Amino acid sequence: MIKRPAPAHTVPAPARRDFLRLAGTTAAGFFALGATSDRMRIVASLTSLSLDDELTRRNMSDGNTTSRLGGLIAGLKQRGWVEGVNYRFEIRSTFGGPDKLKSAVQELIGLKPDVILTGSTIETAAMLGATRTIPIVFATANDPVGNGFVESLARPGGNVTGFTSSTAEMGGKWLQLIKEAVPDIARVGVLYNPATTPRAGRFFLDSVEQEAAAAGVGVVLAPVSAPADIDAAIGRFAGPPKAAMISLVDSFLVINRQAIVAAAAKYRVPMIYPFHYFMDAGGLMSYGPTLEVRSADYVDLILRGTKAGDLPVQSPRKYELLINRTVARALGLTIPFTLLARADEIRE
């Protein structure tokens, strides 16, 4: 595995200066307060992943750096919050559908937590539908302003803030990259679940279609609504005319990433993914935000008295391109050197 230095597409997080200024002006008070408390705080988390998914692992001692939850626990410990000593952690999974989502939200609200960490846009919307007073931090969300979560990125207002994972323009970037890897494609399939991806897919599709029109590539939508739909949706792109696929940012697709990567390998369909999670499952290539578990920053600030609405929403600080050359060879692809040279990590 080859790792390369940070690429030219590194970008600053919006409103980061506001966050640093806020942290700086309140630091003295926080250090004076420390992380001690006369009562046990409750940090709650709502996720769409099953609790045995590797992304919900809490133990970082095995070197697992893909666990958002493990990063949160470790980050809070660094800031003086020790689970079982001055705070209690409660997690609920919505894995199982709308009924499970409703019951999980009700359970967490009933605990009267000090702060709730949500895992995606769907969970954030559900929590906001249940409370406008308990602080909420979304670990990742797309279009938080358009979804009505916050008034603006710089000044969220209300009881919610957090971190975005992608911009709408990412759709066009994914198409550029997959066409560079497979120059002779005539069409590109877009895999997504309309119920769980931002704006039913349109958040990214506009830029995908614009880039495709400029590149002379046809766009074929491949919506899926259940795990059983995945194999057939990808299989449609196995025959001519030659095709590749894009996986949108979508909590459903993250949950079912193993099945998606397996189907892409089965039908020999090149696919680009938005997160490294898919690469860890054996995907061809991904382009998305560099993994940074920063939610501990905001959970800590809120536990110490900062209002969620005063903390600016932050975007990724940099993006990374990952390519698996072994998978490429299995698909009969020769990745151009010009693309490999821009990769942040090449896996073998």
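Predicted model: local features only at pLDDT ≥ 70, side-chain atom pairs only at ≥ 80, totals over all residues.
Residues are numbered from 1 along each chain as its sequence is written. Local features need pLDDT of at least 70, side-chain atom pairs count only at pLDDT 80 or more, totals for chains, interfaces and linings use all residues, and side-chain values use heavy atoms, with hydrogens and water left out.

Helices (H or I, at least four residues) and strands (E, at least two) are DSSP runs, numbered from the N terminus. Helix α6 spans residues 202-215, 14 residues in total. From first C-alpha to last, α6 reaches 20 Å, close to the 20 Å expected at 1.5 Å a residue; the expected span is 1.5 Å times one less than the number of residues. After α6 comes Gly216, with a positive phi near 75°.

Leaving aside residues up to four places away in sequence, Thr47 touches Thr56, Ile91, Arg92, Ser93, Thr94, Phe95 and Glu123; contact here means heavy atoms within 4.5 Å. A polar atom of the Thr47 side chain also lies 3.1 Å from the backbone nitrogen of Leu49.

Turning to helix α11 (residues 295-303), Leu301 is found there. Although Leu301 and Arg79 are 222 residues apart along the chain, their C-alpha atoms are separated by 9.9 Å.

Note on methods: Polar contact = N/O pair within 3.5 Å; in protein donor to acceptor, adjacent residues only side chain to side chain.
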